[in-house]
Amino acid sequence: MTQTARYHHGDLRATLLQEANDLLSEQGIEGLSLRKLAERAGVSRTAPYHHFKDKNALLCALATQAFSELDTLIGRQLQGGGSTERVKQFVREYLRYASEHPEQYELMFGRTLWKAGEPSDELKTVAHRSFRHYAERLAGLLEGRLPAGTDPLRVAQASWATVHGLSRLLIDGIYINRDDMEEVSEQSVAMFMAALTK
């Protein structure tokens, strides 16, 4: 199907997001522009502006899409009864996602949107929702295991920070072997779970 046919079928926005993700993966945030995106998608230079008012809006849409994928991962891995293996599998898949999509991960959690840019309301909603789902699912998995007086929200924040730190070590090249990092992550989960059940 040609780009023109896609446009007339009304899914130009989806096409632009796919092409933008490809550009992001290849050239990073700095290499992505609406002009390059138009050329890549085979549409006029003004066409992307019908869907994204500027680069910040495009980046917000890409980050929103990535957080939606993360939310799906959370829902798939952290459900059902309490299980250390479920938490390990979530951490493995999280690390895999971060290492295979480093530019998207940087966009989700980096300074570009949250500090230097202007996160859209949609992005803030989806990002906060994904963490809320994580906190709720983790609390369910740990029900009955937390020591008295432990705040489940703080547990969720601490564990998320741990997984995020492991992801950054991998993405930034400090650790380059993902298999080693997965072993480190499993040790982290084991220590974390042991601490919570004392």
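**Set-up.** I am working on a predicted model, where local features need pLDDT of at least 70, side-chain atom pairs count only at pLDDT 80 or more, and totals for chains, interfaces and linings use all residues. Residues are numbered from 1 along each chain as its sequence is written, and side-chain values use heavy atoms, with hydrogens and water left out.

**Rings.** I searched for aromatic pairs and got 10. The rule takes rings of Phe, Tyr and Trp (its six-membered ring) with centres within 6.5 Å; planes under 30 degrees apart are stacked, over 60 edge-to-face, the rest tilted. Tyr94 and Tyr105 are edge-to-face, at 5.9 Å between centres and 85° between planes. Tyr94 sits in α5 (residues 84-100) and Tyr105 in α6 (residues 102-109), so this pair ties together parts 11 residues apart in sequence. The Tyr105 and Phe109 rings are 4.8 Å apart at 45°, so I log that pair as tilted.

I checked accessibility next (buried is under 20% relative accessible area, exposed over 50%, partly exposed in between; 1.4 Å probe, protein chains only). Tyr105 is buried at 1%. Phe109 is partly exposed at 25%. Tyr94 is buried too.

**Cavity.** A cavity is a set of points on a 1 Å grid over the protein atoms alone where a 1.4 Å probe fits but cannot get out; lining residues have an atom within 4 Å of a point. Volume is the space filled by probe spheres set on the points, which are joined across faces, edges and corners. I found one cavity of 30 Å³ or more. Its lining includes Tyr94, Tyr105 and Phe109. Helix α6 gives the most to this lining, three residues.

**Salt bridges.** I counted 10 (a side-chain nitrogen of Lys or Arg within 4 Å of a carboxyl oxygen of Asp or Glu). Arg168 pairs with Glu106, with the closest N and O atoms 2.6 Å apart. Arg168 is in α9 (residues 152-171) and Glu106 in α6, so the bridge ties together parts 62 residues apart in sequence. Glu106 is partly exposed at 24%. Asp121 and Lys124 come to 3.7 Å. Both lie in α8 (residues 121-141), three residues apart. Asp121 is exposed at 60%, and Lys124 partly exposed at 32%.

Terms used:
Helix = DSSP H or I, 4+ residues; strand = E, 2+ residues; numbered from the N terminus. 1 Å grid on protein atoms, 1.4 Å probe; cavity = no way out; pocket = protein on both sides within 12 Å on 5 of 7 lines; lining within 4 Å.
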